[in-house]
Structure formats: C-alpha cells, structure tokens
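Subject: The two-chain model, with notes

Hi there,

Here is the model I promised to pass on.

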Amino acid sequence: MTVCSAAFTGLGRGQARALGFPALPIAVVPHPFGIRTRDEIRTIAAQCVDDVARLLCETVVADAPTEAVGARAAAIEVADDLEAFNRLLLQRHWSDGLPAIPPTPERVERMLRHTHRAPDEVVAAIAPAFGVATVERIAINAVMAGCYPEYLPVLIAAAEAIAAPDFNLRGIQATTNPAAVWLILNGPLAKQLDVNSGGNCLGPGAWANATLGRAMRLIQQNIGGALAGDMDRATQGQPGKYTFCCAENEDANPWEPLHVERGFAREVSTVTVVGALGTWNMNTHAKDAADLLRVIADTMTFPASSDFVYAGEPWLILSPEHAHILHREGLSKADVKRCLWEQARLPAQRLSAKDFDRTRTGRRAELGEITRAALLPITSKPGHIGILVAGGPGTHSVYVPMSGHVRSVTRQII
Amino acid sequence: MAASMLVLDPAARPSNAPVQALRALDGLAGKTVGFIDNAKLNFNHLVDDLGELLVGKYGVAQVLKHRKTGQVPVGEAVLQDFAARCDAVITGSGD
C-alpha cells in the first residue's frame, strides 16, 4: 500500500494504475504534510494507523483499463468545425490550452510518410502513466501541435530519449517543480527544418521551435498522462511547459557542438532532451574570461537550488559573444565546465535547515557526512554541467537549473 | 445537419496490465511490515510513528525501513529483500 497527502492522491492512484496495481490501497494524510511539526506528525500517525491496518487486511478489486501494445488509434467523429474540435479537446483533457489542429486521418497519414517506421511500432512507454507511444500516436500529437510532417523523426527520437532510464521522466512529469522537457537539435537537420538557433531561439517567431516543443508537451500529457492538476503536480509550472525547443548555434560556436561532444559525428543530426526548470538571464558585459566565469558561477549559486540538493545537471546557454570571450583566452568547453564547477560553491550554512537535511541525505554517497561549514559543489563532477552555445548578438547568457536526479539524453534522429 | 470530420484519438491508456492480484493480510499480528520512505519531508517521522503503533496496537512483529535517496528509484536488491522478508510494504508517494 502507499501513503499520500490529500493533494497527491490523484497522483498515487494514477501511478498505481499505470504500474499495474489499480487496487493498491492508499492511506491519506492531511496536506500540507511536509511543513508539520514533529508533534503534529505524531497526531497524524495516531489518526491514520487504524486506516493503515484496515487497508492492509481489506480486499479491493478495481478495473484497470489497459490497451494492447501497439494498438492503432481510434477515430472519433466530430463536427467539422475548429471551435467544436477544440471544445472536445478541453472536455477530454487532450488540450494544452491553446487552439490545436484537428488530427484527421489524412493529416496523420501525410506525417507518417516521413518515417520508415510502421504506424503501430512502439517507440516507448511514457511515464508516469506508461502510455504506449506508437509512431502513429506521436504523429497525432504532432499534427495537433501544428508540426509540419517532416518534423516527425525528431519527435520519434525525442520520445525515445525521454523514456531512457537516465532521464528519470517520472521525476519530471509528476514533480511539484516547474520541470519542462527542453529539446535541443544539433546537426544538419536543424537547419533543414529551420529550427532557430539565433536571436530569440527560445522566444517566438520560429514555427519549428514553437510546434516541436509543443508537440513534446502534448506527448507528455496525452501519452504520458501528465495532465496539469492531475498527475502533473507542478506548483506553478512555467511558460516553457508550453514549448521549449531550440537548436545549437553551431556556426557561432567556437567549440565542438553538443552532439560531437557526446560522441556523434558532426554530420549526424540529434535531439537532446533536458529536464529544465526555467531560464535565468545573465546580462554581463564582462570582457575577460575570469570575470565572466566568476559572475556566471556566482549566479548559479543560490540556496533554493535543486542542483545543490540533488547534485543535478545545471545547464548554461552561452551567447556567442560570451563563448567567444572564453574561447579566445584558450579555454576549451571542458575547461569552462571545470572552472564553473570549482567556483559555483554554496556554503551549506546558506541552506534552510530542512534543505540542509535533504542535501545531507541526498548527497551522502557522494560527499560523505557534510556539516554546516561545508562548501557544496553544484554537482558531483564538472562534466555534469551542460553547455550550449545559442542565441544572437548580445551580452546575455542563460542559466538553466535542472530538475533533480535527471540526466539529459541525446538520440540520433533517423 | 452540420458536416462532420474524423479525428484520431491522441491519448494512450496505461500499457501495464495488472501484474498480480493484491493479497490482503488475514491480520497483522506476528507479521513483518516494510516501509519505503520516499525521503519527502516528515515521512521518516511518520514511518517511525506508524511503525511503533503497528507494533504496539496491532501486534506487528517486525518493522523494516528503507529511505530512498531523493528521486532515485529503489534498487533491485532492496526490492528483492523486502519482497522476501515482508508480509506487506508501505511506500510514501508524492509530497
């Protein structure tokens, strides 16, 4: 059985169903639970122990609607009217809140022509509901997001990537953090598809960026079951959960691009998925490498950061101008990571008492017993800092904090 | 009558079929109960208190505890150990 606070019973029930235990007993404790005093916890335990004992001894039978692996999507007849279609999406919780394109069989078929894979081929099971992402179902959501048909292979690769164990998708989909899946494209396909890597690459104006990121969100909720307010428990969320996609500005990158750094040939096209908590602009006119790195490291160092608690994978989007400053002084990408790792150190005494406890528990295997006097590294090793060069002219780089225990994953687009 | 169109269902249902029927206990006296603490705030205290109450009030013979490391899933060795030794396991889910 499991124990949930009242605000999380929907998540608990959904997870139980998804994992094949629809009748799992759930004992409920009041919410908020984490902020209670020690005495209040004793009272709650005394109040719920009888429930716990009863549930352990009670037989419950529940139906579990499941679906055959690789089943083709059902067709639904609706009025041939955009407003009516979008009302249907809202009623069935298939909408991200923006108007969508009707995924008619003809539109989906046009998209399916852009892959050699069969429509019923299973690409991945998407957490937390572990819905089956077939090629067809990915295409349906891509059509709804407004993707052009030739985008489909990107989304197939991205669906594979988010289901990789290292990505820890459950930690992204069901968290109270504002975790979004950030798609990064590298290689020649990014240019062929006009994925913006320059000015406003994370802003408006590029069809590919907007619709690819949006399709990923629809896949996460319609296939993965991470519906806002249901299994997606984000406290506020963030705008990046509507869409979060860009390419690396490889032309302006003085170093090897991200996919080459990760072992792919330069002419291969890839998509990288990152569990991003947001974008934090860093506007600095620093003109030498040491000054620039000091300012960036200082910005990355703050006490309410999940990166320090979990030894995460903090990311930086360096503007071409900032990357140029670092490169002209002879620094490699690995040098930059090491400098930042050495400088982004948080005095443990800046953490709240509870966050210090979480950090001590979460990083014990890596750091041993830490005290309030410790200087905490932002993550366990320099290589866990991600660096992307993107954007247009300007003195702005971006810090992208990460969701805990998530590692970015790169997949070739085929 | 308004014209209609066909659209394809974008949603997927869970793919995991029920893997086994849940087996209810015939009482708690003499049983071993395991707790998997999800490391969320205060759950360790709830585990301690529930463990004591289950022993004192219901005659549970033994309580086993394992605390997760943040969001990292529990390892296979711990799962196997709990499966072998426990009559029932109680997990924490969510905050």
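Predicted model: local features only at pLDDT ≥ 70, side-chain atom pairs only at ≥ 80, totals over all residues.

Let me begin with chain A. Its secondary structure comes to 16 helices and 15 strands. The radius of gyration of chain A is 23 Å, close to the 22 Å that the globule rule gives for 414 residues, so chain A is as compact as a globular protein of that length. Along the principal axes, its C-alpha atoms fill a box of roughly 70 × 60 × 35 Å. Of the 414 residues in chain A, 52% are buried. If you take the contacts in chain A between residues at least 6 apart in sequence, 82% of them join residues at least 24 apart.

Chain B has two helices and four strands, and from the N terminus on they run β-β-α-β-α-β. Its radius of gyration is 20 Å, whereas a compact globule of 95 residues would have one near 12 Å. The box filled by the C-alpha atoms of chain B is roughly 70 × 30 × 30 Å along the principal axes. Buried residues account for 35% of the 95 residues in chain B. Among contacts in chain B with a separation of 6 or more, 73% come from residues 24 or more positions apart.

**An enclosed strand in chain A**

Have a look at strand β6 (residues 180-186) of chain A next. Seven of its seven residues are buried, so β6(A) is largely enclosed by the rest of the structure. A180(A), W182(A), I184(A) and N186(A) point one way from the strand, while V181(A), L183(A) and L185(A) point the other way.

Which strands does β6(A) pair with? One is strand β8 (residues 270-276) of chain A, in the antiparallel sense and over seven bridges. Within that pairing, N186(A) has T270(A) as its bridge partner. Another is strand β7 (residues 245-247) of chain A, which runs parallel to β6(A) and is joined to it by three bridges. Here L185(A) stands opposite A247(A).

**A four-stranded sheet in chain A**

Further along chain A, four strands form an open sheet in the order β9-β14-β10-β13, with mixed pairing. The edge strands are β9 and β13 (386-389), each of which pairs on one side only. On average, neighbouring strands of this sheet are turned by 20° against each other, direction ignored.

You can walk across the sheet pair by pair:

- Strand β9 (residues 280-283) and strand β14 (residues 396-400) of chain A are antiparallel and share four bridges; N283(A) stands opposite H396(A).
- Strand β10 (residues 315-318) of chain A and β14(A) are also antiparallel, over three bridges, and W315(A) has V400(A) as its bridge partner.
- β10(A) and β13(A) run parallel and are joined by four bridges, with L318(A) partnered by V389(A).

In helix α1 (residues 9-18) of chain A, the buried residues are L11(A), G12(A), Q15(A), A16(A), R17(A) and A18(A). An α-helix has 3.6 residues a turn, so residues three or four places apart point the same way. The buried residues of α1(A) pack against β1 (2-5) and β2 (26-29) of chain A. After α1(A) comes G20(A), whose phi is positive, near 95°.

**Where the chains meet**

How many residues of chain A are in contact with chain B? There are 78 of them, and they touch 46 residues of chain B. On the chain A side, the largest share comes from helix α2 (residues 38-56), with ten residues. That side of chain A divides into 47 nonpolar, 19 polar and twelve charged residues.

Strand pairing also links the two chains. β1(A), one of the strands that α1(A) packs against, pairs in the parallel sense with strand β4 (residues 88-92) of chain B, over two bridges. To find this spot in the viewer, look for T2(A), whose bridge partner in β4(B) is T91(B).

Happy browsing, and do write back with any questions.

Best wishes

Conventions:
Residues numbered from 1 in each chain as written. Chains lettered and ligands numbered in written order. Rg over C-alpha atoms; globule rule 2.2 N^0.38 Å. Buried ≥ 20, exposed ≤ 12 C-beta atoms within 10 Å, placed from the backbone. Contact = placed C-beta atoms within 7 Å. Pairing = 2+ DSSP bridges. Nonpolar A, V, L, I, M, F, W, Y, C, P; charged D, E, K, R; others polar. Axes fitted to C-alpha atoms, helices over the stretch in contact; angles between N-to-C directions.
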